[in-house]
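Please examine the model shown below, together with its sequence. A set of questions and answers accompanies it.

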Amino acid sequence: MSVGPSALLQCFARGFGTCQREGARAVEIISTQGLTKYYGKTRGIEDLSLSVPAGAVYGFLGPNGSGKTTTIRCLLGMLKPTSGEASILGQKVTLDGSDVRRHVGYVAGEVRLYERETGRWHLDYAAGFRGGKGVLTDDLVERFEFDPSKKVKELSKGNKQKLALILAMTHDPDLLILDEPTSGLDPLNQETVYQVIDERIAAGRTVFLSSHVLSEVERVCDRVGIIRAGHLVAEENVEDLLGKRLRHLEVRFGEPTAPSFLADLSGVDAVTAVSDVTLAARVKGDVVDDVLKRIAGRRVADITIQQAGLEDVFLEFYRSDGQIEESVAESAGEGEVP
Amino acid sequence: MFWFCTGLVLYSWLMTWFYPKIGGGQYADLIESMPPEVLQIFGGTEVAFDSLGGYFQTEYLGLMWMIIVSAAVVLFAARSFAGEIGAGTMEFLLAQPISRARVAVTRIVAFLGYVLLLAVASFVPIQALGPMYGIDLGAGTFWTLFAFGALFMLAVGGPAMLLSSVYRDAGKPGAITAGALLLLWIADLVSNFSEAAKFFDPVNLVTYWQPGKIINGDPVAPAGWWIYGAVGVVSLVAAIIVFSRRDVA
């Protein structure tokens with residue numbers, strides 16, 4: 001369910017957490033319909049339709065060149081879509097959507113700030129557009145152990161990233177759009193970012209997080225969209241994705257068993273003989289019951305069924321007719337596309 | 001910005017200071033001994049060399065000043081949009097709640113301020129220090145020189161600003177504007193030798209820049225005001241429109 005701008009503006013005033021508690025559930029904070037962007041003849045994204053509900057941490061997954069940054073820039077009104085449209089907080093995104101951006105904090109994939117200016121200057125500069133100092137500025141500066149007196153050109157990559165994160169979050173925006181937010185950060189600061197995201201979500205905010213760091217997505221996201229070659233190929237809850245899609249199976253039988261014993265089962269592939277009596281395989285989809293029934297036909301000494309990590313699921317989506325290399329090469333060939 | 005302004009102040013002061021030493025009849029004899037082709041390059045021959053205007057046009061304002069202020073305004077204008085987009089800082093700026101039109105207008109106001117600063121640095125030293133060296137432009141002449149000089153910079157920087165709103169890095173707008181200026185200057189030079197080449201003069205920005213005549217009290221051709229004003233204003237308005245509609249990342 002999407003709601004109109006006036007209802008959303010009421011939510012701004014009261015906070016989305018309150019709004020949701022009062023029943024305005026499933027408010028769409030981000031919505032795109034058929035969003036398409038071409039750079040001349042080069043494809044950026046194509047017919048991309050997604051929806052991000054209020055209070056969600058939406059992970060936007062895809063390799064370099066798949067169209068993640070293009071999507072984000074279209075959402076922020078930095079790029080004009082070739083066709084289709086996007087809306088944020090109930091308002092259609094336009095190239096001049098400054099009102100919408102008042103409620104959005106953004107960390108770019110490649111942080112580039114005014115090199116000759118200090119962190120403090122940037123914080124004051126951003127505050128000038130948003131009607132005063134951010135409510136979270138001091139807290140974030142302290143938690144990230146950031147020194148705002150240094151000029152940007154003197155900062156390391158990690159410290160520039162910290163500054164970008166502080167700038168994005170300092171005004172406690174309703175929507176955080178984070179493009180590779182932990183890039184260049186050490187594990188401690190990565191954890192701080194995750195904690196801050198958790199806190200923002202608890203406060204009723206929404207996060208759209210683009211990443212190819214799967215552990216990160218697994219750690220913080222509750223819903224994920226997977227983009228491949230400019231197309232959204234899947235959009236699911238992380239738990240569902242992890243739970244039903246892919247499992248690793250290893251069975252030790254009580255007698256020698258050839259891979260062909262499992263290989264003909266639908267949804268089972270990559271069957272290998274670990275030893276004369278042990279088979280390993282990959283199980284895709286809701287076929288566990290069939291697999292277990294087949295296995296039960298022989299004496300089983302041991303069995304392990306392990307849920308695949310998001311990385312395996314992710315790679316599965318990028319497998320093109322079993323040839324993952326082709327998909328990766330395709331994406332790599334789009335290096336010029338943001 | 002600082003160095004261009006400081007350089008112009010010092011250059012203007014130097015030329016004012018040198019006038020009593022090398023200006024006047026002796027200077028005219030020296031200049032007139034040069035081949036006319038060389039004089040044309042420095043913007044001479046259309047004003048009397050033994051006059052104050054002839055001295056300033058040949059020694060300073062005819063060519064050197066044009067080169068210095070053109071470099072200054074083109075560099076500034078080329079960086080205004082394209083430079084920020086290329087550096088990536090425009091992405092940070094446009095992530096803030098600010099409209100594109102406001103960003104564009106802010107850049108243009110800064111550009112106009114810079115043009116005024118350059119005009120002050122160029123002409124105020126001549127007017128202020130002139131009496132110490134026997135130079136008196138007079139208020140009317142000073143303001144005409146100031147206003148027309150500023151308008152010349154606007155006409156040169158405006159197209160650079162427009163190109164800056166189109167491209168993604170500052171190099172191309174700077175190079176294209178500089179190349180176009182060079183062609184205009186060559187066209188002006190050629191038209192001094194060839195009647196057949198004069199057809200381009202009515203729209204040539206360089207042709208209208210005759211500071212020697214202004215200093216000697218001649219009025220500026222109305223077409224000069226119009227051409228400079230129109231090129232400057234149209235370019236800047238177009239820059240706002242283009243920037244408001246383009247992809248910025």
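This is a predicted model: local features need pLDDT of at least 70, side-chain atom pairs count only at pLDDT 80 or more; totals for chains, interfaces and linings use all residues.

Q: How many Å separate the centres of domain 1 of chain A and domain 2 of chain A?
A: The domain assignment of chain A gives domain 1 as residues 5-237 and domain 2 as residues 246-307. Taken over C-alpha atoms, the separation of the two domain centres is 43 Å.

Q: Which residue in the turn between strand 9 and strand 10 of chain A has a positive phi?
A: Strand 9 (residues 223-228) and strand 10 (residues 231-237) of chain A pair in the antiparallel sense, with six bridges. They form a hairpin that leaves two residues between the strands. In that turn, a positive phi of about 45° belongs to A229(A).

Q: Which are the edge strands of the four-stranded open sheet of chain A?
A: The order of the four strands in this open sheet of chain A is 12-13-11-14, with antiparallel pairing. On average, neighbouring strands of the sheet are turned by 15° against each other, direction ignored. The strands that pair on one side only are strand 12 (268-273) and strand 14 (300-307) of chain A.

Q: What is the bridge partner of R252(A) in strand 14 of chain A?
A: Strand 11 (residues 246-253) of chain A runs antiparallel to strand 14 of chain A, and seven bridges join them. Within strand 14 of chain A, the partner of R252(A) is D302(A).

Q: Which helix supplies the largest share of the side of chain B that touches chain A?
A: The contact takes 21 residues from chain A and 17 residues from chain B. On the chain B side, helix 6 (89-94) and helix 12 (222-245) each supply at least two residues. By class, that side has eight nonpolar, five polar and four charged residues. The largest share, four residues, comes from helix 6 of chain B.

Q: Why does R102(B) count as neither buried nor exposed?
A: R102(B) is placed in helix 7 (residues 100-129) of chain B. A buried residue needs 20 or more other C-beta atoms within 10 Å, and an exposed one has 12 or fewer. Because R102(B) has 14 C-beta neighbours inside 10 Å, its class is partly exposed.

Q: How many Å apart in space are R102(B) and S244(B), C-alpha to C-alpha?
A: In sequence, R102(B) and S244(B) are 142 residues apart. In space, their C-alpha to C-alpha distance is 9.4 Å.

Notes
Residues are numbered from 1 along each chain as its sequence is written. Chains are lettered from A and ligands numbered from 1 in the order in which they are written. Two strands pair if DSSP finds at least two bridges between them. Axes are lines fitted to C-alpha atoms, for helices over the stretch in contact, and angles run from 0 to 180 degrees between N-to-C directions. Two residues are in contact if their C-beta atoms, placed from the backbone, lie within 7 Å. Ala, Val, Leu, Ile, Met, Phe, Trp, Tyr, Cys and Pro count as nonpolar, Asp, Glu, Lys and Arg as charged, and the others, Gly among them, as polar. Domain bounds come from an automatic or database domain assignment.
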